[in-house]
Amino acid sequence: MVKTGSSWLPVCTRAELQAGRFIEFTMPRTEAELAKHPDTLPLTGFVFLDGATPRAYLNRCPHMGVELNWKPGRFMDSDNLFLQCSTHGALFKPKDGECIAGPCQGDALTALDLQESGGVLEVRLPE
């Protein structure tokens with residue numbers, strides 16, 4: 001559980017983030033969120049390297065709200081070029097999360113702000 005006012009979540013060290021590796025994380029819920037929606041699953045996200053640039057997104061397809069990955073750590077299509085939704089095959093550009101194929105074409109993944117603090121990558125929790 002996160003206290004109100006805590007806006008950054010440590011996810012991994014910069015050294016842990018390597019090409020081809022996706023690091024998944026669960027966002028803590030506030031007491032208010034738990035009280036209002038006790039049966040709702042917490043939000044999850046993932047961080048990865050796009051070339052040399054770290055990127056982070058919510059692990060949620062904009063079309064159906066389902067998690068993208070096929071299995072833990074598996075987010076890319078068979079050609080290893082695009083992020084792919086395991087439910088209906090939508091393809092997303094790693095750089096900006098834009099959907100380029102599938103039922104959510106023209107929509108995009110929700111990007112999360114990233115910062116590095118003392119060698120640790122942190123994501124800003126959504127409001």
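Analyst: The side chains of R124 and D113 form a salt bridge, with N and O 3.3 Å apart. This pair links distant parts of the chain: R124 lies in strand β9 (residues 120–124) and D113 in the loop between β7 (99–101) and β8 (114–117), 11 residues apart. Strands are DSSP runs of E with at least two residues, numbered from the N terminus. The model is predicted: local features need pLDDT of at least 70, side-chain atom pairs count only at pLDDT 80 or more, and totals for chains, interfaces and linings use all residues. Residues are numbered from 1 along each chain as its sequence is written, and side-chain values use heavy atoms, with hydrogens and water left out.

User: Why is the contact between R124 and D113 called a salt bridge?

Analyst: The term requires a side-chain nitrogen of Lys or Arg within 4 Å of a carboxyl oxygen of Asp or Glu. The N to O distance for R124 and D113 is 3.3 Å, so the pair qualifies.

User: What makes R124 buried, partly exposed or exposed?

Analyst: Buried means under 20% relative accessible area, exposed over 50%, and partly exposed in between (1.4 Å probe, protein chains only). R124 has 35%, so R124 is partly exposed. D113, with 45%, is also partly exposed.

User: What makes R55 and D50 a salt bridge?

Analyst: The closest N and O atoms of R55 and D50 are 2.9 Å apart, therefore within the limit. D50 has a relative accessible area of 24%, so D50 counts as partly exposed.

Definitions and conventions. Helix = DSSP H or I, 4+ residues; strand = E, 2+ residues; numbered from the N terminus.
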